[in-house]
Amino acid sequence: MEDKKNGMSDEKIDQIIGNLLRIAVILSAVFVITGAVIYLMRHGAEMPDYGVFAGVPKNLRGLREIIEAAWQIRSVGIIQLGLLLLIATPVARVLFSVFAFLIERDYMYVVFTLIVLSVLLLSITGVII
Amino acid sequence: MDILEFSSLVFLGSLFAGFLGAATGLGGGVVIVPLLALGFGVDIRYAMGASLVSVIATSSAAASAYVKEGFSNLRVGMFLEIATTTGAVAGAAVATSISPSAIAIVFGLVLVYSSYQSGFSRHKDAAPGKPDKLATRLRMNSEYPTPEGTVKYYVRAVPGGFGVMFIAGALSGLLGIGSGALKVIAMDQVMRLPFKVSTTTSNFMIGVTAAASAGVFLNRGYIDPGLSMPVMLGVLFGSLLGTHFLLNVSTRILRIVFAVVIFALAVEMLYKGLTGGF
């Protein structure tokens with residue numbers, strides 16, 4: 001009943017969010033597949049080396065560096081951009097929830113959702129740890 | 001084995017894991033790390049990074065299917081996310097400072113438990129009960145559709161559920177898994193949400209929790225594109241297949257198969273962890 005007067009029901013919002021998530025996952029998979037094809041063509045005959053941990057090169061860890069690598073049609077950059085997009089989908093979902101709670105004027109949950117959003121953003125931008 | 005063969009085999013293994021995970025409703029993330037670390041000799045930290053990415057893929061892909069049914073409880077999910085995301089960041093921080101063998105031992109113990117849960121899990125159905133003070137103040141009580149019409153339910157034991165969720169988040173960050181099983185326990189058995197509500201809300205939370213750990217993993221160089229690529233694609237397609245399979249076939253046998261597989265992985269993980277094989 002509460003939902004009706006706001007013109008947009010929880011279900012409607014959920015459906016929009018669900019569809020956006022699906023599009024984001026498909027887009028991310030397209031990036032990963034494109035990068036994979038180039039990667040396997042260029043490096044397919046090399047030997048994999050994951051036995052000893054050295055950490056991924058610094059230029060594949062931050063947003064700006066990853067975009068730069070993808071722009072230069074470096075296969076690993078394109079894959080990493082797809083993965084970054086994927087990691088961003090739950091963040092987008094939380095962001096939409098902020099607006100959903102704002103529309104419902106549920107300010108207590110606006111605050112809760114903002115707390116979750118800030119933990120996510122701090123983690124992804126590398127500010128904490 | 002060159003990269004082409006390696007990627008193909010990892011893809012097939014991940015496809016199988018994603019399929020079993022979705023068909024049994026237990027999630028495939030928990031078998032990806034042992035598969036890569038034990039089967040392919042991948043360092044456990046790279047394995048955790050790839051696994052975490054695949055966990056996000058399945059959670060976000062399944063979301064659009066779940067939300068239509070109207071089961072998930074966004075308020076409960078969001079409130080508990082405060083616990084799981086902070087737990088995840090704490091767990092990921094611990095993961096970057098302890099030895100891979102220690103991670104393997106914790107992983108082995110979690111696998112033993114998951115195996116038990118896969119084979120024997122029972123769930124208590126929510127008793128309608130009386131409204132709980134705190135849950136009511138947090139506006140968590142809700143309703144969900146059943147064949148007999150809409151049923152109202154009350155949430156209880158919020159602090160207990162919050163505590164279990166912090167542990168679930170910490171394990172997710174420490175091991176690179178979704179911790180779906182533990183999340184369902186917190187909501188189903190501690191907070192007494194209806195089972196369907198617990199599982200769908202858990203799916204929503206898994207992606208958000210994993211994203212919190214993924215940030216730390218990305219900055220620490222755990223997420224390798226060459227390795228994550230076949231894992232993410234394999235798990236994603238496998239779980240899409242598994243979701244359809246779920247509708248057609250009884251899952252009892254699958255769950256037992258899964259339990260045996262997980263138990264075998266647990267034993268090997270513990271053995272290698274204790275003998276310092278990582």
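How do H4(B) and H9(B) run relative to each other, roughly parallel or roughly antiparallel? They are roughly parallel, and the legends below, all for a predicted model, start with that pair.

**View 1. Helices H4 and H9 of chain B, packed together.** Here we have H4, residues 74-95, against H9, residues 195-219, both in chain B. Their axes sit 8 Å apart at an angle of about 30°; angles under 35 degrees count as roughly parallel, so that is the label H4(B) and H9(B) get. As for handedness, the crossing is right-handed. On the H4(B) side, the contact is made by Val76(B), Gly77(B), Leu80(B), Glu81(B), Thr84(B), Thr85(B), Ala88(B), Val89(B), Gly91(B), Ala92(B) and Ala93(B). H9(B) answers with Thr201(B), Phe204(B), Met205(B), Val208(B), Thr209(B), Ala212(B), Ser213(B), Val216(B) and Phe217(B). Sort the contact residues by class and you get twelve nonpolar, seven polar and one charged.

**View 2. H4 of chain A meets H9 of chain B.** Now for a helix pair that spans the two chains. The axes of H4(A) and H9(B) come within 8 Å and cross at roughly 125°, which makes H4(A) oblique to H9(B). This crossing is left-handed. From H4(A), the residues involved are Ile87(A), Thr89(A), Pro90(A), Val91(A), Arg93(A) and Val94(A). Their partners in H9(B) are Gly207(B), Val208(B), Ala211(B) and Ala214(B). The class tally for this contact is seven nonpolar, two polar and one charged.

**View 3. The side of chain B that touches chain A.** Zooming out a bit, the contact between the chains takes in 51 residues of chain B and 55 residues of chain A. Which elements of chain B give two or more residues to its side? They are helix H1 (3-24), helix H3 (44-67), H4, H9 and helix H10 (225-248). That side of chain B splits into 30 nonpolar, 13 polar and eight charged residues.

**View 4. Val33(B) in the largest nonpolar core.** This core counts 131 residues, and Val33(B), Val53(B), Ile56(B) and Met232(B) are the ones with the most contacts inside it. Skip the neighbours within four places in sequence, and Val33(B) is still in contact with Ile44(B), Ala47(B), Met48(B), Ser51(B), Phe107(B), Leu175(B), Gly176(B) and Ile177(B).

**View 5. Gly77(A), a buried glycine in a helix.** Gly77(A) belongs to helix H4 of chain A, residues 75-103. Buried or exposed? Gly77(A) has 23 other C-beta atoms within 10 Å, and 20 or more is the cut-off for buried, so buried it is. Ile66(A) is eleven residues away from Gly77(A) in sequence, yet 5.5 Å away in space, C-alpha to C-alpha. Not counting residues up to four places away in sequence, Gly77(A) touches Leu60(A), Ile66(A), Ala69(A), Ala70(A) and Gln72(A).

View 6. In chain A, look in the loop between H4 and helix H5 (107-124) for Arg105(A). With 10 other C-beta atoms within 10 Å, Arg105(A) is exposed. Over in chain B, Arg139(B) sits in the loop between helix H6 (133-137) and strand S1 (142-146). Arg139(B) counts as partly exposed, with 14 C-beta neighbours inside 10 Å.

Conventions
Residues are numbered from 1 along each chain as its sequence is written. Chains are lettered from A and ligands numbered from 1 in the order in which they are written. This is a predicted model: local features need pLDDT of at least 70, side-chain atom pairs count only at pLDDT 80 or more; totals for chains, interfaces and linings use all residues. Axes are lines fitted to C-alpha atoms, for helices over the stretch in contact, and angles run from 0 to 180 degrees between N-to-C directions. Helices (H or I, at least four residues) and strands (E, at least two) are DSSP runs, numbered from the N terminus. Angles under 35 degrees count as roughly parallel, over 145 as roughly antiparallel, 65 to 115 as roughly perpendicular and the rest as oblique. A crossing is left-handed if the near helix is turned anticlockwise from the far one by less than a right angle, and right-handed if clockwise. Two residues are in contact if their C-beta atoms, placed from the backbone, lie within 7 Å. Ala, Val, Leu, Ile, Met, Phe, Trp, Tyr, Cys and Pro count as nonpolar, Asp, Glu, Lys and Arg as charged, and the others, Gly among them, as polar. A nonpolar core is a set of buried Ala, Val, Leu, Ile, Met, Phe, Trp, Tyr and Cys residues joined through C-beta atoms within 7 Å. A residue is buried if 20 or more other C-beta atoms lie within 10 Å of its own, exposed if 12 or fewer, and partly exposed in between; C-beta atoms are placed from the backbone.
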